Amino acid sequence: MSEPTLRGVTQWTRGMTAPVRAYLRTESGSAGVLLAAVVAALIWSNLDAASYASAWEAKLSLRLGDVGVVRDVRTWVNSGLMTLFFFVVGLEARREFDLGDLRERRRFLLPATAGTLGMIVPVALYLVITHGGAGSSGWGIAMSTDTALALGLLAVVGRDVPDRVRIFLLTVFVVDDVIALIVVTVVYSDPIQVGPLLTALVVVGVIFAVRASGLRSGVTFAVLGVVGWFALLGSGIDPIVLGLIMGLATTDYTPSRSDLENASGLFRLFREQPTAELARSASTGLTQTLSPNARSQDLYLPWTSYVIVPLFALANAGLVLDGAFLRDAIASPITLGIVVGYVLGKPLGVVAASWFIERVSSRRLRPDVGWAAVAGSGTIAGIGFTVSFVIAARALSGRELDEAKFGVLAAGVIAAALTWVVYSITSRLPAARRARALLGDADQLVDLEAPVEPEHDHVRGPAEASVTLVEYGDLQCPFCGQAEPVVRELLDDLDLRYVWRHLPLTDVHPQAQLAAEASEAAHAQGRFWEMHDLLLTRQEHLKTADLLGYAKDLGLDTDRFLEDLMSHRFAARVARDVDSADLSGVSGTPTFFVNGQRHYGAYDIHSLKSAITIARARARIRAGAEASQPVDQPSS
């Protein structure tokens with residue numbers, strides 16, 4: 001049956017953003033703040049070096065009776081506030097294992113190898129250049145990428161780079177961050193004090209035990225974290241590692257439909273009887289539908305991105321850049337070792353590791369992006385800052401420390417320029433080659449557990465379309481109604497197949513189930529799409545009488561329609577869609593899947609078209625790869 005041309009557009013976008021993409025956008029946005037802090041530190045230190053030094057070397061003490069801790073302000077920033085930053089790093093690492101690409105454990109091998117070799121090669125180059133001389137103890141400076149700053153600058157120098165490239169970078173350097181913190185803990189700590197260390201280990205054990213018990217008290221974890229932090233500080237181990245441990249212990253998951261329905265029930269109780277007790281119950285119920293990881297990222301990520309890391313930059317990036325210093329720094333083995341390690345070693349390590357894993361696995365494991373994107377990830381990985389400065393402050397001092405800082409900053413500028421060159425060259429390739437260079441031909445993880453079945457699903461568009469867009473929707477959901485004009489405009493695309501699946505959210509939309517069954521009753525008479533379109537425009541009027549009127553307007557057999565509706569003949573058909581939504585982790589509407597991958601982010605026309613364009617490019621790359629494979633000839 002031919003479909004009428006459907007048009008429409010909406011300017012509405014809903015903040016249905018996956019935490020990974022929220023992380024990317026926040027870190028990218030904060031890169032400007034971080035760079036401004038670096039510039040401010042350089043200006044301050046060059047205008048008044050004495051005041052800069054005195055401000056950050058001033059002593060600050062915390063006392064409780066006769067017990068106290070005295071450290072300079074820079075140490076409170078580096079080892080205190082930065083613990084929260086590494087907590088967020090741990091949260092993101094755990095999210096990748098629970099919900100991201102690393103949830104399929106075999107995929108961990110490639111990013112783990114790329115991240116590890118991308119640290120070993122720079123360290124080796126640094127040691128070769130310093131050759132056991134002054135500064136050789138600072139070998140750890142050249143190994144760690146500042147993921148936040150790298151992502152931010154990638155957004156500037158690689159503006160048209162797909163999100164998949166940024167996610168690949170993030171996945172690889174989750175490993176980088178973890179290893180770097182282990183090195184800080186093991187190599188660059190003060191002499192170990194056994195008593196405080198044992199106390200810290202007990203606290204860490206209690207943290208894991210409390211997590212395993214299911215307790216979700218933020219106050220409890222905050223108290224344990226503070227106790228563990230002071231214990232590690234007293235042990236001689238840099239306490240920032242505790243942030244990473246606590247982040248890795250914080251689980252992540254998508255809200256289940258049952259939890260959301262329970263939260264709706266609590267809210268209804270409060271609506272019927274608005275008491276303080278029920279308000280607390282409803283608030284707690286709503287909050288606990290989200291994972292501890294998601295709640296913690298929402299709370300701490302803006303603070304670490306816009307306050308803590310820029311403050312760290314302000315406290316550590318100050319250098320007096322006079323002519324004599326620049327002459328010495330440029331010729332210094334420390335500076336050269338860091339620059340060569342980052343600018344040459346990082347891309348060499350990342351590309352070589354990715355190539356090696358693809359080769360030895362016979363291409364069963366290969367990068368989720370194309371080789372231009374792998375190379376660009378390697379070059380942008382040459383941006384070090386946070387961990388580099390932490391290690392530099394522990395390994396070096398005086399003139400050597402300043403030379404190391406200068407090397408890190410210089411390497412970052414060169415790495416950003418090289419990344420711009422890589423993506424500028426890629427952007428000039430023909431469209432097909434550019435898509436392959438950026439996206440690659442690796443198999444993608446499929447989020448849609450129940451594949452499309454044309455004989456059962458409701459499908460619009462050609463069966464041979466290269467892109468399939470699946471929507472889980474609720475006919476009474478206002479967001480679905482607002483998204484519908486976007487879908488209608490997308491259907492002008494002749495290479496798009498659109499599938500509607502029911503997910504009536506009966507706890508918030510009491511007529512949604514009946515409306516879904518009404519559309520199925522219309523389907524039994526060959527008019528599903530007409531009823532579907534009509535119901536999405538009449539969401540305020542979905543009672544039985546209204547539905548019967550719509551059936552009459554569409555020329556249906558109203559007696560048969562009503563009988564089907566009253567007997568709930570198609571309830572099982574609707575339940576089948578709901579079950580498939582549960583299998584795919586769908587709990588809200590509308591939720592879109594593009595070629596089997598869940599679409600995160602806004603679903604305005606621009607965002608969905610962009611996702612469809614990338615999916616089509618991937619489909620064409622895959623089709624070309626399959627066509628180029630040799631066909632086995634039958635033996636004679």
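I sorted the lining of the largest cavity by residue class and got six nonpolar, three polar and two charged residues (Ala, Val, Leu, Ile, Met, Phe, Trp, Tyr, Cys and Pro count as nonpolar, Asp, Glu, Lys and Arg as charged, the others, Gly among them, as polar). This is a predicted model, where local features need pLDDT of at least 70 and side-chain atom pairs 80 or more, while totals for chains, interfaces and linings use all residues. Residues are numbered from 1 along each chain, and side-chain values use heavy atoms, without hydrogens and water.

I took a cavity as a set of points on a 1 Å grid over the protein atoms alone where a 1.4 Å probe fits but cannot get out; lining residues have an atom within 4 Å of a point. Volume is the space filled by probe spheres set on the points, which are joined across faces, edges and corners. The largest cavity has about 60 Å³. Of its eleven lining residues, Phe-85, Val-89, Thr-145, Thr-147 and Asp-177 are the closest to its centre. I noted that α3 (73-98) gives the largest share, three residues.

Seven of its seven residues are buried, so β4 is largely enclosed by the rest of the structure (buried: under 20% relative accessible area, 1.4 Å probe, protein chains only).

I then checked pairing, which needs at least two DSSP bridges. β4 runs parallel to β5 (496-502) over seven bridges, with His-502 as the partner of Gly-473. With β6 (591-594), β4 pairs antiparallel over four bridges.

Notes
1 Å grid on protein atoms, 1.4 Å probe; cavity = no way out; pocket = protein on both sides within 12 Å on 5 of 7 lines; lining within 4 Å. Helix = DSSP H or I, 4+ residues; strand = E, 2+ residues; numbered from the N terminus. Buried < 20%, exposed > 50% of the residue type's maximum accessible area, 1.4 Å probe, protein only.
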